[in-house]
Structure formats: structure tokens, C-alpha cells
Amino acid sequence: MIASVAGYPVDDHVRAVLDAMPTLVWVADADGAAIYLSRRWLEYTGLSAHDASGDGWTSAVHHDDIDRVTDYWRAVLASREPGEVNVRLRRFDGQYRPFLFCAAPFHHVSSGQARWCVTNIDIDHLLRSSGRQVHAIVDNIPALIAIHSRSGELEYSSRAAQESRGQDLDEMKQSPFNTVHPDDLPALIDTQQRSFTTGEPLEFELRLRRADGVYRWCHMRSVLVSDDYDGAARWYTVGTDIHDRKTAEDALRRSETFLLEVQRLSRTGGWRFDPATGVVESSPEIQRAYAVQPDEDFAHPPFWFDRIHPDDRPRVQALFEQCLHAKTEYRAGYRIVLPDGGIRYQYATGHPVTNDAGHLVEFIGASMDMTEHWLATTERGFAEEALRESERKSRLVVDSIPGLVALLTADGKVEFVNRQILEYTGRTLEELKRWGTGDTVHAEDRPRITKVFTQSIASGSPYEIEERLRRSDGVYRWFQNNGFPLRDTSGDIVGWCVLLTDIDDRKRAEEALYRSEERWRAVFENSAIGVALTDPSGRFLATNSAFQKMLGYTDEELRAFTFLELTQEAYREWNSQLVTELLGGQRRQFQIEKQYRRKDGAFIWVSNNVSLVPGTTSMPRFLMALSEDITKRKHAEATLRRTQAELAQVARAASLGEMTASIAHEVNQPLAAVVTNGHACLRWLSASPPNLPKAAGAAQRIVKDGKDAGEVVRRVRALFKRSPVEKVQLDLGEVIGEVLRLVDSYPARQHVVLDVVLDPDLPSVFADRIQLQQLMLNLMVNALEALEPVTGRVKQLSVRSTRAELHHAVIQISDNGIGLDDPRVAFEPFVTTKPEGMGLGLAICRSIVAAHRGSLSAERNAGFGTTFTVTLPIQTVETA
Amino acid sequence: MTTERPVVFVVDDDARVRAALSSLLASAGLDVAVFASATAFLNAEKPDAPACLVLDLELPDIHGLDLQKELAERHAPPIVFITGHGDVPSSVRAMKAGAVEFLSKPFGDEELLRAIDAAVALDRAERLRRSERMALEDRYERLTPREREVLTFVVAGFANKETAADLGTSEITIGVHRGQIMRKMGARSLAELIRFSDKLGIRPHDRV
């Protein structure tokens, strides 16, 4: 029956077995070509062995299944493993029935080749029942299930589906699309058609009208499945109500869209970093912003950091690491460099998400494009940042410096005051902001300050002003207020800095100094006495108005002169010498009477007291002269001298009178004695008997006493030689000697110890001899008379002559007699201790001394008596 | 008494004058004591005899006139001033103050001696008066206070009756007192008593 096929021997018994089997069997070689087909097979299919061998058997396969089966068959062959597949075979009458195609390899012993035994098992009834089972199952599934034929005819729908639509199967078959939402229908039909045509699975979402009229979204999935029922493929469709999900999805999608839109508009993107995986998720916006290229790996951090500008990268990276490590909020602003070289500015934030255990689960954040803002404010932004940073630094500095510092805004409002201000004023910043109205600035200074300050703010130029500020204890102190503007790099004023320095002590010292200077200046200017200041060479530096008036020059005119130039010639040498000594330190000051020549040529007399004002570090030394106009005095003095000379004449006359009285007395005594002796002598002679010795004694006394009288007269005559005043150079020692001789025979001279010490080198004085003699005589006689009554001690009269300073001779006549009660009064004319005296003796002495420019004084001695001191100038020049 | 030898004190600072005066007064038979200064004179012990003081006006230690004033308070002899100056005012003052004489040097012997005599006589009288006075004072001492009281009435001329009435006692008592007074005072008559009482400087009782 079975012929060998194409050279392939088939065993007979095998053939016999195969033929006997009720199943459809055939044998294939290793390549899958049928080499033997069983009788049953051939009978069933109606094919001849010849037609069925090789690949011919495939002609019995349903057209729709061929590709599937042949593919499967090839795969099985290749695998050499058994396999089975559903296949619809055509019966001899053309009806297709489902079969199970089972293939199993075996080894053909005789040929040593691999062979296949393929069995086709009729499973129709299986499928049928399984089909019924399927229906049952399907009905129990609460899903919308429909089964369509291959071409799309509805065959079956689940109970749920029917219930949902409110239709039964027939109705559904009638109008399958009437529950479909009109908007979705076109697309559905389109897709279904395509699917039914291609056999591709169909997935579609559509709105279906429910029994209650509400459209609900439904997800349809149709799969073409080969149905073993009749070998036909059927479309199995499952519909799932996804309405809630859909609306939620829609909402989500909308919100996602919205979010994305927002992201886009705000140029903010979201990112997420998983530290465990090291993966970065980024939103489209971020990717767009960072210009992510398709070939770049943007799922990991390095990519993102690489985008950052190299100058900013280290900082940002470090910060990110730190935040990651510390699980803290992340915030960073930085530039990014895009592939095209463009620079954008991103501001990124990140929020750490931790789990219950505290471990970092993820970092989620956003990144915002701030480029425009950055560009717009870049310099200023940086500057501001820098300013703020420097402000922060400054504030630190400002609080540390030991001064009062305030920072103001550009329009002059107080923004910040340092600690020192707060401590000093004891006020708060708020209170200090209102400095224009409070009492922190002294009420008197406020208007001035406000004016200057306002001007400064308006003009932008710095100011400097002094003001009083109230201390916390209520005391006001002077401060120097310096305000200066702070400018940014473009030169605009961004604020003001006010620096306050305590100058109270200095101010008070200044004020005191100023007042004192004012006072001294007033003294200088208003002094009734002329004051002239000259440099060491004598040139006038400054003069007061009194001096100017004296000299008749203005201050300016005077400065062209030295004082010597204005001094009368006769005094210049002496004056110069005095100044030299002054400058040389030999004297501290000198006094000189001299003449100045006025501007109008007249001469005036002045008495100058000149002293040297020592220099200081800031002022060279200068001469100061207090100049008193003594012209009147000089004239008065001249008048006085004339008067005194006249008086001296009168006094001479008067003293003559006085002398007469004392002469009378001097002469009278011996005369009286003579007369009395005479009488005595006569009586002795006329006694009885005459007493001759007694008489002789008397006569002798007469002779002696008579001589005495004569002596007195002679002396007096010598004293009264009238001669005019004649000044010559006199040797004082000589004059004193003459007078001493005169005095020698004075009775009161007896018992007086004379002590004379004369300076042999005493220069001569220019004086009138007679007058000096008279002077000396008067003084000595006074001394002797003061000594006369003395008892109980040795009577002493001492006469001394010495030189005093450079230019004076001094004669001292001292006694230890009865003394004067008040030596000064003794000089007054008409004061006398002697009766009958006119009291002119000492007055005359004084006038003589004055006429010689000397001085005469008397002093009580410490012990007894009086010392008279005569000072006479040694001068070589006659002064008027 | 009247025959006591007088002594003349001479005070002058000029030795010559002292010598001359000594000689002159001696030649006139007078006892002389010379002094060079007022102090010397005051300190010296003076004999109890009528005296005269010849005083120089210009003394070294004290002016003559001042000395005169001082001496007036004591019992000093009358003064004869001598002076070498001789100005009128001084002389007037001296005389008014009780000087016996004021002589200017040089003076004659007669004037001086005459002045000295007068002075001595004055002094004698004064001495007598003084001794009398002393005697009276002694007597007065012996009077009792009551008697002294009565004395004032008696020398005023009051009758005993009046006196008794005034003093609140009896006439007889007054009479007794009167007798005692007369006896003690040594007055021989009322008139003498009155004289004595005057000399003593007792003031008579006032008449109402």
C-alpha cells in the first residue's frame, strides 16, 4: 500500500501499525518532509500519498493556520523536541475540523536517521465542550467580554456585557455600535477594521453608554485566538470599565500637562536623585533647560555637574555633597554652560526625603532658570551680593572699631548704628532713626545739622560738622560728625557712612584756650600802657593801639622799623647793651627811660620795661616791652627839680635859719660860760680877802670857752660859703673825709667810736661838692645827736662807702643812738625831734640827693639806732 | 627854819656852763649841786633844805618844760630857766607854768642871783606851809568820823541846835563834839578853826 517515498524506505511493521491506528499519523524525515502517511490520514484528508508526501500534507491545513503551523513545525524540527499545535484540517468533504498536531522524534534504526512521527488528533468535541465551558466561565467573569468571528461578527457576549448595555445578545448583534460614544465611533471602526484585516490585537479605549444612559470609559482589548471549536480563529474581546481610572488619568494627565506647562513657563524643572542607585530622574523641562542631547547619559549626576560652569562647579558640588551627607535642604545658584556655549543661570533646590529609620531615601527638587533675572541684575546682583557680603563684614568691623558709626541709606535714613552708638546714647535703633526730632542731637545744633545733612544728601558730597550728642546719662558732649557717601562701582550712591568722633575734651580745651586768648588779646589791645613785641633783632612784630598812638604810627608802619631806629641817638648804645645782656641771659629784664621819635618828628619820653619771652616749639622767642609815656612825668620831674633847686635854695636859706638857731646855740653855750666865768672872777676878786686862785680859774675858763665860741663861728662860716651849684667829678672818699674832720670838733662827737670803711675803687660821682658836704654833714650830725643821750653802751657811728650793681655808689651812715620812731616820717619837711628845729635838715638832704639822681633812705637798726643810706648814680653823661 | 642853808641845783648838759655857774654861785656863798641831765638830777638824793633849781631848757634826755611839768607833781624846788635859745613862746609857757625866772644866755650874775634868792624864799615859804599843813593833817587824823562830820557844820556857821536837828542828835552832844574838835584841832577860836579847815581843804556843809 505504502510505497516508498522518494527513496525513503519505511519499515513494513511500522507501516502496518500506523495503518491500524485510528489516529491520523504520518512520518517525516529530519527535514520535516512527509515520507509516509497513514491510510487513515489519507482517507480523512482525501489526499493521495503522492500529493501528501513531502510538503504536500500542508494542503490539508486550513489556509489561516498554514503559516502558523509550518513555522511551528520548523521550530520543532530544529529543536528535535516533541511539540504539539492546534491545526484545522480539511476533511475529504471540505469541512475543517480542529486537530491536535503532535510531533515526536524517533531514531530509525535501520537507516540510522532521525525521524518524526506526527499524529493528528481530532479534538473537536473537546473544543466544543471546552467552548461551552468557556462560555460558562466567561459568563461568570464580571467583565465585558465579547467574542467575534474572524471577520468581526459578534458571536457571543458575556452576561455582564449584556447587562451593562441593557441589551441581550441578539440586540447586540443587531446593532453592535449603538452604545459607542459618537466621538469615539469613527476611530473604533477604523481600528477594528484594521485589526480584523491584519489580525493584529486591538486595544482601544472608548466611551460606552451604560444601561442608565451614562457614558463610561471602557478599555477594549481584542485578541485573535484560534478557536479549536471549529478551527476558526475568533476575536476575543475583553472590555474593562476604566472610567474612574480614566477620569483620574485624565485629571492626572491634565495636571501633568499643566505641571509640565507650568514647568515650561516658569522654566522650572523637577528632578529626583536616588542615592541608593545613584540615578537622577529629570523632568522634560530640566532636560530642555540643560539642553540634554540624545546621546548623553543624563541619568547620573556627573552629567548634570558637568553642565555647571567650571567656576561655580566646585562650590555647587561641595554643597550638594554636604547636603546629601547632612540630609539638609539644598539650595544653589550657578551658571550652566550649554553645548552651544550659551550660558544660563539656574537656581536649584532640593529636599531630602528620609524614611522612618532616618536614612535618606531620595532627594527631590526643582531647578529654575533665572537667566533673565540674572542677566538683568548680574552685575548689580553680584555687586549687591558683594555689597551685602561686605556689608555684613563691615558691620562686624563697624561694631568693633572704637568709634561711633552709623550707616544710612542713600536717601539718608538711618539703617544701622554700631554698638558704640547704642551704648553711648542709651537709645534703641528705632529711636535713633528719629534723630531729627528727638533730643539726641542738642537742640541748638539740630537746625544747623539738619540743613548741612540735607544739602549733603542732595548733593552727594561729604560733610563735616560739629555737634553735641546726648549721652545716656543726659550729659551732652561735642562730637565731630563726618558723613561720606558709599558708592558702587558705577559711581552711584548706595548709602552713607556717618562717623562720630568724641572731641568734647578737645573742644572744651579749645574753648578755654579761645576764651583765654580772647582775654589776653583784649588785655593786649586795651592796655592803657603801650605793649610792643619785637623779634630778637628789634623789629616790631606786633603793637597794641596804645603804643601806636604813642608813636603816631600804624601797626603796619611800625613793622618796617626796629625799635632802635625810633630811639633817640643818645640812648641807642645803652639800650643795645641792655638788650644784648637780656638776650644773653645775663639779666631777666631791664628798665630804661629814653626818648622815641614820633612819626611827626616830636620826641616823647618813655619808660620801658623789657623782658624776653622764651620760645616754644611752635614759637620763636621775642622781646616784650611795656612802654609808658612819661613825657608829662619828665616835664613834671624837670619842673620838680627846678622847684627843688629853688627849694634847696630856700632850704639853704632856711637851713641857714636853722643853722642860725643851732649856731646861736653852739656859740651861746661858750659865750654864756664866758660871761658867767667873768662874773664869777669879779666876785672872787671882790671877796675879802680876794680869792685869787678861784678868780684865776675863772679867767682861764673864759679864755678857753671864748676859743670854743670862735671855733664854732669859723666852722659855720666855712659851711656857709655861698657858691653856685657846680657839678664836677668828685671822689666820694675825699668828701666824706672832709666832713669827718669838720665833725671831729663837734662836742657830741666825744665818746663816739667812729668806724669808717671806704671802698678805694669807688669811681667818682658827678656832683656838687658843697651840696654833698652838706648832705654828709647833716647826716652825721644827726647821728651824733642821736648818740648823745646814750648811756650804758658804747656809742658807735659807722660810715661805709661801696659800689652797688654796676652804676651806683652807696654811702651808709649808721649809729646806735636813740633812733627814730618812724624813719620815713623823719624825711617829711617840718618834722623834727628837736625843739627850735624847723625840721628841714633831712628834707634838704633828700632834695640834694634827688638833684643828683640818687636816693636816700633811713631804716631802724635791729639793735639800736638808725642807718641812713645814700645811693648816688655813677654816671658819666649829664641827662636833662 | 629860816636859817637853813639853801642849796642850788644846776642842771645843764654843757660842761662849761656847769663849771662857770658852779664858780659863780660859790662866789655868792651858795651851796651848789650840778647835774648833766634831768635823769641825774631826779635820781640824786636831795637834802632837806630850801632849794632852787637852775634848769637848762635844752636837755638831752628831756625838755626842760616837760621836766617842769613832771616836777610840778612832786615837791620840787622852784625853777629858774636858763637857755641858749630864748624864744618868746617858751619863756611864756615856762612862766605860766610857774617858773620863777627865764634867763637867756649869756645872762648877768645879778639877774641870776636875784632870781635864785626869790626862788629860795619861795621855797622856804612853801616848806613852811607844807609843814603847817602836815601838822594840821595830823590833828585832823585824830578826829572821829562823827567829829569830822560835825566840823563841816561848825565851819559853815550852823548853830549847835541846827546841827543837832540835822544830824538827829541832841544839842548837847553837838556841843560836846564841838569842844573835842576845837581841842583836837588846836584852834583857839572859831575863826582859826575855819582857817585850819580851809587849809585842809574841808568843804563846809551847805546851807539849805
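**Figure 1. Val414(A) is a buried residue of chain A, with a relative accessibility of 12%.** The model shown here and in the other views is predicted. Val414(A) belongs to strand β17, which covers residues 414-417 of chain A. Because buried means under 20% relative accessible area, the 12% of Val414(A) places this valine in the buried class. Leaving out residues up to four places away in sequence, Val414(A) touches Leu407(A), Leu408(A), Leu429(A), Leu432(A), Lys433(A) and Trp435(A). Val498(A) is 84 residues from Val414(A) in sequence. In space, the two C-alpha atoms of Val414(A) and Val498(A) are 9.6 Å apart.

Figure 2. Two elements of chain A each give two or more residues to the patch: β19 (476-487) and β20 (493-502). Ile401(A) sits in the loop between α13 (371-400) and β16 (404-409) of chain A. With a relative accessible area of 31%, Ile401(A) is partly exposed.

**Figure 3. Trp26(A) and Phe101(A) form an edge-to-face aromatic pair, one of 27 aromatic pairs found over all chains.** Trp26(A) comes from strand β1 (residues 24-28) of chain A, and Phe101(A) from strand β4 (residues 96-107) of chain A. The pair therefore ties together parts that are 75 residues apart in sequence. Trp26(A) is buried, at 0% relative accessibility. Phe101(A) is buried as well, with a relative accessible area of 2%.

**Figure 4. Phe320(A) and Tyr330(A) make an edge-to-face aromatic pair.** Their centres lie 5.1 Å apart, with 85° between the planes. Phe320(A) is in helix α12 (residues 313-326) of chain A, while Tyr330(A) is in strand β13 (residues 330-337) of chain A, so this pair links parts that are 10 residues apart in sequence. Phe320(A) and Tyr330(A) are both buried. They also belong to one aromatic cluster, together with Trp271(A), Phe273(A), Phe305(A) and Phe363(A).

**Figure 5. Lysine charges sit over aromatic rings in chains A and B.** In chain A, the charged end of Lys507(A) is placed over the ring of Trp478(A), 4.7 Å from the ring centre. In chain B, the charged end of Lys46(B) sits over the ring of Phe41(B). Here the distance to the ring centre is 4.4 Å.

**Figure 6. Chain A contains 27 helices and 32 strands.** Of its 880 residues, 41% are buried. Among contacts in chain A with a separation of 6 or more, 48% join residues 24 or more positions apart. The accessible surface of chain A is about 47700 Å². Carbon and sulfur atoms supply 56% of that surface.

**Figure 7. Chain B contains 9 helices and 5 strands.** From the N terminus on, its elements run β-α-β-α-β-α-β-α-β-α-α-α-α-α. Of the 208 residues in chain B, 45% are buried. Residues 24 or more positions apart account for 64% of the chain B contacts with a separation of 6 or more. The accessible surface of chain B comes to about 10500 Å², and 53% of it belongs to carbon and sulfur atoms.

Technical notes: Residues are numbered from 1 along each chain as its sequence is written. Chains are lettered from A and ligands numbered from 1 in the order in which they are written. This is a predicted model: local features need pLDDT of at least 70, side-chain atom pairs count only at pLDDT 80 or more; totals for chains, interfaces and linings use all residues. Side-chain values use heavy atoms; hydrogens and water are left out. Rings of Phe, Tyr and Trp (its six-membered ring) pair if their centres lie within 6.5 Å; planes under 30 degrees apart count as stacked, over 60 as edge-to-face and the rest as tilted. Helices (H or I, at least four residues) and strands (E, at least two) are DSSP runs, numbered from the N terminus. Buried means under 20% relative accessible area, exposed over 50%, partly exposed in between (1.4 Å probe, protein chains only). A charge sits over a ring if NZ of Lys or CZ of Arg is within 6 Å of the ring centre and within 35 degrees of the ring normal. Contact means heavy atoms within 4.5 Å. Accessible areas come from the Shrake-Rupley method with a 1.4 Å probe; for residues, only the protein chains shown count as cover.
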